[in-house]
Amino acid sequence: MATKRTKGLVNGVSSRNASTGDQNDGGDSDSPYEASKQRPSGYQYPLEKTLCLGKFPIKYLIYTIPILPLGGLALCVAISMAIHFEDSTATHCRRVHNFLPSLSAVIGGSTPERYIFRICIAVHCFPRLLAVALYHRTQLSYAAAVCRWWYPPLVWLNSLSYELEELCLLTLAYVSSTENYAIHENSFILFMVSSYVYMLSQIIIEKYRGCESKSVTIKMRMFLGSLLFFGLAVRLFVYHMSKCRHYIYSYFAICEYILVVLNVMFHTYRSTEFIHNWCIIGGW
């Protein structure tokens with residue numbers, strides 16, 4: 001009887017150890033997506049391990065950052081039209097009237113407009129360049145769930161195009177067309193190409209991640225609208241350079257401003273994924 005009881009205890013311990021081992025094997029998954037599924041909803045990392053100097057809801061950044069480029073641009077346009085209207089609306093075409101200055105004339109033509117816009121863009125780009133690490137890590141964590149070989153390279157392309165877009169924007173702001181036209185022109189081309197690569201790759205990533213169809217649809221409309229107004233801006237610019245008609249350059253400027261608004265709206269809407277997160281100032 002003692003021998004049978006001993007064997008029963010040994011078998012019970014062995015079965016419990018085996019089941020515990022199976023659970024540990026499942027819990028030690030290398031996939032961030034699998035690990036995130038095992039955490040309860042609303043899981044937060046323990047703050048007692050963090051040297052926290054302060055924290056605030058990240059939604060304040062999401063809603064404040066777009067004000068800098070849009071508000072700075074609107075202020076520059078108002079100052080340019082009030083003080084430097086003749087200089088900002090003048091083109092190579094003589095005796096041609098315009099009612100609105102172009103984007104390049106506003107941000108790099110006169111002072112204090114150029115300094116206002118440069119400050120706004122510098123402050124605006126700093127948190128956006130820091131946010132790329134959060135975007136990149138979050139989207140890579142879905143690689144196991146998406147289960148496509150091209151998904152990780154697409155995420156890398158998305159992050160690199162995002163950074164290139166921000167660097168080109170800084171170059172556009174700090175090197176005006178009057179100072180160095182070649183650098184300004186090439187920066188604009190790279191900015192538009194990287195912007196569209198980022199938008200399209202972001203739409204594809206969110207579609208395969210299983211994000212809300214409404215979010216993907218809105219981003220797709222912004223992307224197509226930006227393509228439409230970019231094509232229209234190119235057509236108006238070529239027409240202005242060849243025909244020199246009244247107000248054509250102002251219509252081109254309107255397309256430029258719409259492109260800026262759509263770009264800022266796309267980035268802002270993309271950031272709303274993290275609207276419930278907190279920004280912690282400190283380190284481990």
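Student: In this predicted model, at what angle do helix 4 and helix 12 pack, and how far apart are their axes?
Tutor: Two packed helices are described by the angle between their axes and the distance between the axes. For helix 4, residues 67-83, and helix 12, residues 248-271, the angle is about 160° and the axes are 10 Å apart.

Student: Is helix 4 roughly parallel or roughly antiparallel to helix 12, and what is the hand of their crossing?
Tutor: An angle over 145 degrees counts as roughly antiparallel, and the angle here is about 160°. Helix 4 is therefore roughly antiparallel to helix 12. The crossing of the two helices, helix 4 and helix 12, is left-handed.

Student: At what angle does helix 10 pack with helix 12, and how far apart are the axes?
Tutor: Helix 10 covers residues 181-209, and its crossing with helix 12 is left-handed. The packing angle of helix 10 and helix 12 is about 35°, and their axes lie 12 Å apart.

Student: Which residues of helix 10 and helix 12 meet, and how many of them are nonpolar, polar and charged?
Tutor: On the side of helix 10, the residues are F191, M192, S195, Y196, Y198, M199, Q202, I203 and E206, and on the side of helix 12 they meet L259, N263, F266, H267 and R270. Sorted by class, the contact of helix 10 with helix 12 has eight nonpolar, four polar and two charged residues.

Student: Where does N98 lie, and is N98 buried or exposed?
Tutor: N98 is in the loop between helix 5 (85-89) and helix 6 (103-108). Buried means under 20% relative accessible area, and the relative accessible area of N98 is 7%, so N98 is buried.

Student: Where is R95 found, what is its phi, and is R95 buried or exposed?
Tutor: R95 is placed in the loop between helix 5 and helix 6. Most residues other than glycine have a negative phi. R95 is not a glycine, yet its phi is positive, at about 60°. Its relative accessible area is 81%, so R95 is exposed.

Student: Which loop holds C147, and what is the phi of C147?
Tutor: C147 lies in the loop between helix 8 (143-146) and helix 9 (151-174), and with a relative accessible area of 60% C147 is exposed. Although C147 is not a glycine, its phi is positive, at about 55°.

Student: Which two residues does a cis peptide bond join?
Tutor: Most peptide bonds are trans. P112 is found in the loop between helix 6 and helix 7 (113-140). With omega about 10°, the cis bond joins T111 and P112.

Definitions and conventions:
Residues are numbered from 1 along each chain as its sequence is written. This is a predicted model: local features need pLDDT of at least 70, side-chain atom pairs count only at pLDDT 80 or more; totals for chains, interfaces and linings use all residues. Side-chain values use heavy atoms; hydrogens and water are left out. Axes are lines fitted to C-alpha atoms, for helices over the stretch in contact, and angles run from 0 to 180 degrees between N-to-C directions. Helices (H or I, at least four residues) and strands (E, at least two) are DSSP runs, numbered from the N terminus. Angles under 35 degrees count as roughly parallel, over 145 as roughly antiparallel, 65 to 115 as roughly perpendicular and the rest as oblique. A crossing is left-handed if the near helix is turned anticlockwise from the far one by less than a right angle, and right-handed if clockwise. Buried means under 20% relative accessible area, exposed over 50%, partly exposed in between (1.4 Å probe, protein chains only). Contact means heavy atoms within 4.5 Å. Ala, Val, Leu, Ile, Met, Phe, Trp, Tyr, Cys and Pro count as nonpolar, Asp, Glu, Lys and Arg as charged, and the others, Gly among them, as polar.
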